[in-house]
Amino acid sequence: MSDATLLAISPLDGRYAAKSDPLREIVSEYGLIRFRLAVEVAWLRVLVEQDALDVSLPPEVSDRLTAITDAFTIDDARAVKEIESKTNHDVKACEYYLAELVRQHGGDDALIALLHFGCTSEDINNLAYAMMLKQARDQVVVPELKGIADLLADRAREWADTPMLSRTHGQTASPTTMGKEIANILARLDRETTTLNATGILGKFNGAVGNYNAHTSAIDDANWPEMARQLVETVGVDYNPMTTQIEPHDWIAAYLQTISRIATILIDFSRDCWTYISLGYFSQKTVAGEVGSSTMPHKVNPIDFENAEGNLGMVVALANHLANKLPRSRLQRDLTDSTTLRNLGSVLGYLSIAISSLRRGIGKLEIVERALEDDLERSWEVLAEPIQTVMRRYGVADAYDQLKALTRGKVIDRSRVGEILDGIDLPDEARKKLADLTPHSYVGLAAELTREYLAQRHQ
């Protein structure tokens, strides 16, 4: 472990640095600089195409600018930061860096003058963050979520027919199957992943207060909104034509709120797995050399689900704060969004760490069918529900109250269920069907619903 890792303030760059690697080049300061430069270069290319400006882009300059956007290096980022140390302005540093680059490769003053033409810093920043969040979503977050979903689908399929006792309010309830419980989580995760994928990512490029004031002062007969649309769509973002100085961040709020819901679903799953391990429904594969407790040698703690839960809580807290804060601005602009936007990477970083823990935890799970069977065998009282429901089917008006008096708060076993059935006036066929029912077989359509959903996912 490097000194930088040991001295890191955030665990994202310290203890969990390796798990954050897939996001590092996208949501870091390096990534933000890379995206800013890509926007500046794309705008320069749009301007050069305008006949009214009568400016050309020499092939050597064009090739070097393409290299900046396609093969940005850490040394390039350091060069920008060196300029920023003098300007104390991050976006202006990008402009000056590109100006020097253009000059070195034969660009003239007229071309250099078009860098950052008509722009406010937020024109560059809003598109840079949009590109960042889109790339992070498409290349890291969604693939990681689909990886977890595939694991859940495998377990749901494997355990679709494995009966287990439900526990509503923590008390014995109508049985289900372990596969169906996992399929429930999977369906929720699938819905929110689809929502995240469908979130429109917006950008603006209309100057200091959103009216193209500076642009029209220079060339009043140019179609600046159309040029802005061209630029925004060139960098892969949906165009927002109506803004103040800032793109209002409503789409970022929607993006983060979906991330928060995803994290909440995975917290729910983590807690359920923790509880099933505690109940003995799951055992965990041991890892050679791993220690469960510093004093109790026997322990195999559910550390992966606990780690996931803790980091998912960080996701929810940060995502909800940013979603609430970012759409609020004082008049046309204030800088509270600038400092908070820098934490977007942390939201996705904690999510990535949690998903890594969940993958590991799911991989260790082994179902203990005997524990599930024993729990069901101790819970014959759950058959009070089908008995009273069948009684209703045959017109017994006080069926619920009868079964309540016979079962509520009492120990019920197989023989007691038989006695209850003997005392009820039902057709022989219905009585026999109920007599054949056990807590293990009283799972309704759990297995069928699970398999049906799994089949639908692949259509």
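**Close-up 1. The contact between helix 9 and helix 12 in this predicted model.** Met178, Glu181, Ile185, Arg188, Leu189, Glu192, Thr193, Thr195 and Leu196 of helix 9 meet Tyr255, Thr258, Ile259, Arg261, Ile262, Ile265, Leu266, Asp268, Phe269 and Tyr276 of helix 12. Sorted by class, the residues of this contact comprise 11 nonpolar, three polar and five charged. Helix 9 (residues 178-198) and helix 12 (residues 250-279) pack at an angle of about 165°, and their axes are 9 Å apart. Because angles over 145 degrees count as roughly antiparallel, helix 9 is roughly antiparallel to helix 12, and the crossing of the two is left-handed.

**Close-up 2. The packing of helix 13 with helix 15.** Helix 13 (residues 303-325) and helix 15 (residues 344-364) have axes 8 Å apart and pack at an angle of about 155°, and they are therefore roughly antiparallel to each other. Their crossing is left-handed, and the residues of their contact divide into 16 nonpolar, five polar and three charged.

**Close-up 3. The largest pocket.** This pocket holds about 550 Å³ of space, and among its 17 lining residues Thr172, Glu381, Ala384, Thr407 and Arg408 are the closest to its centre. Strand 2 (171-177), helix 17 (384-393) and helix 18 (399-407) are the elements that each give two or more residues to the lining, which has five nonpolar, seven polar and five charged residues.

**Close-up 4. The second largest pocket.** The volume of this pocket is about 390 Å³, and of the 17 residues that line it, Asp13, Val27, Ser28, Arg342 and Gly345 lie nearest its centre. Two or more lining residues come from each of helix 2 (21-27), helix 3 (29-48), helix 8 (121-158) and helix 15.

Conventions. Residues are numbered from 1 along each chain as its sequence is written. This is a predicted model: local features need pLDDT of at least 70, side-chain atom pairs count only at pLDDT 80 or more; totals for chains, interfaces and linings use all residues. Side-chain values use heavy atoms; hydrogens and water are left out. Axes are lines fitted to C-alpha atoms, for helices over the stretch in contact, and angles run from 0 to 180 degrees between N-to-C directions. Helices (H or I, at least four residues) and strands (E, at least two) are DSSP runs, numbered from the N terminus. Angles under 35 degrees count as roughly parallel, over 145 as roughly antiparallel, 65 to 115 as roughly perpendicular and the rest as oblique. A crossing is left-handed if the near helix is turned anticlockwise from the far one by less than a right angle, and right-handed if clockwise. Ala, Val, Leu, Ile, Met, Phe, Trp, Tyr, Cys and Pro count as nonpolar, Asp, Glu, Lys and Arg as charged, and the others, Gly among them, as polar. Contact means heavy atoms within 4.5 Å. On a 1 Å grid over the protein atoms alone, a cavity is a set of points where a 1.4 Å probe fits but cannot get out, and a pocket is an open set with protein on both sides within 12 Å along at least five of seven lines; lining residues have an atom within 4 Å of a point. Grid points are joined across faces, edges and corners, and a volume is the space filled by probe spheres set on the points.
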